[in-house]
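Hi,

Here is the structure I promised to pass on.

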Amino acid sequence: MRIRMHHTLSAAAAAGALALLAAGPAQATEYSSALKVKGVQYDAPGSDSNRCSGGNTKDEFLTIKNYSRTATVNLKGYVVKDAVGNKFTFPAGHKLEPGDYVKLRGGRGTDSDAGNVVYRQNCNFIWNNDKDTIYLIKPTGARADVHSYTKRANDADGNGYINYHG
């Protein structure tokens with residue numbers, strides 16, 4: 001199945017650098033990857049319910065974008081996981097053309113080219129509502145992108161969504 005989607009010295013200076021690092025969550029290291037985490041809806045709107053029928057896990061999603069200007073990227077084997085190891089591995093045949101994106105949603109559903117969506121086929125939430133780390137791992141095991149967040153530090157408007165790469 002091919003999904004074509006349209007439409008991340010001195011002791012005083014060292015102490016200061018450590019203070020800056022301790023002040024907030026880890027920021028993304030720029031890895032050499034065309035695929036990056038564009039954003040995450042880590043807190044689904046409404047009360048969390050992971051029931052497969054009537055729950056809202058589908059409203060929790062991660063947007064992954066191909067930032068390459070020329071390369072199509074096959075998602076087969078890419079892994080998305082959280083800080084404690086909950087993970088999803090993209091199955092065969094999902095491809096993102098340059099500039100395309102996919103929303104990886106919780107819950108059960110049918111992957112859709114028109115909707116730019118892939119479902120995890122799991123009704124459990126993956127992202128914590130207070131803090132977590134998002135890992136996007138290449139099929140080789142190398143990191144493609146990583147982001148840590150806390151609700152307090154990274155979600156100023158409190159809507160449960162954080163944007164990483166524009």
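Let's start with strand β3 (residues 61-66), which is mostly covered, with six of its six residues buried. Buried here means under 20% relative accessible area, exposed means over 50%, and partly exposed is in between (1.4 Å probe, protein chains only). Strands are DSSP runs of E with at least two residues, numbered from the N terminus.

Before the rest, a word on the source: this is a predicted model, where local features need pLDDT of at least 70 and side-chain atom pairs count only at pLDDT 80 or more, while totals for chains, interfaces and linings use all residues. Residues are numbered from 1 along each chain as its sequence is written, and side-chain values use heavy atoms, with hydrogens and water left out.

Back to β3: Phe61, Thr63 and Lys65 are buried on one side, and Leu62, Ile64 and Asn66 are buried on the other. Strand β2 (residues 35-41) runs antiparallel to β3 and is joined to it by six bridges; two strands pair if DSSP finds at least two bridges between them. In this pairing, valine 37 is opposite isoleucine 64. β3 also pairs with strand β8 (residues 101-105), again antiparallel, over five bridges, and there threonine 63 faces lysine 103.

Arginine 105 is buried but has no salt bridge, and the nearest side chain of opposite charge, aspartate 59, is 4.6 Å away. The salt-bridge cut-off is a side-chain nitrogen of Lys or Arg within 4 Å of a carboxyl oxygen of Asp or Glu. On charges, Lys and Arg count as positive and Asp and Glu as negative, with His and the chain ends not counted.

Now the rings: how many aromatic pairs does the structure hold? There are three, where rings of Phe, Tyr and Trp (its six-membered ring) pair if their centres lie within 6.5 Å, and planes under 30 degrees apart are stacked, over 60 edge-to-face and the rest tilted. One of them is tyrosine 42 with tyrosine 149, tilted, at 4.8 Å centre to centre and 40° between the planes. Tyrosine 42 sits in the loop between β2 and β3 and tyrosine 149 in strand β11, 107 residues apart. Tyrosine 42 is buried at a relative accessible area of 0%, and tyrosine 149 is buried at 1%.

Cheers

Note on methods: Helices (H or I, at least four residues) and strands (E, at least two) are DSSP runs, numbered from the N terminus.
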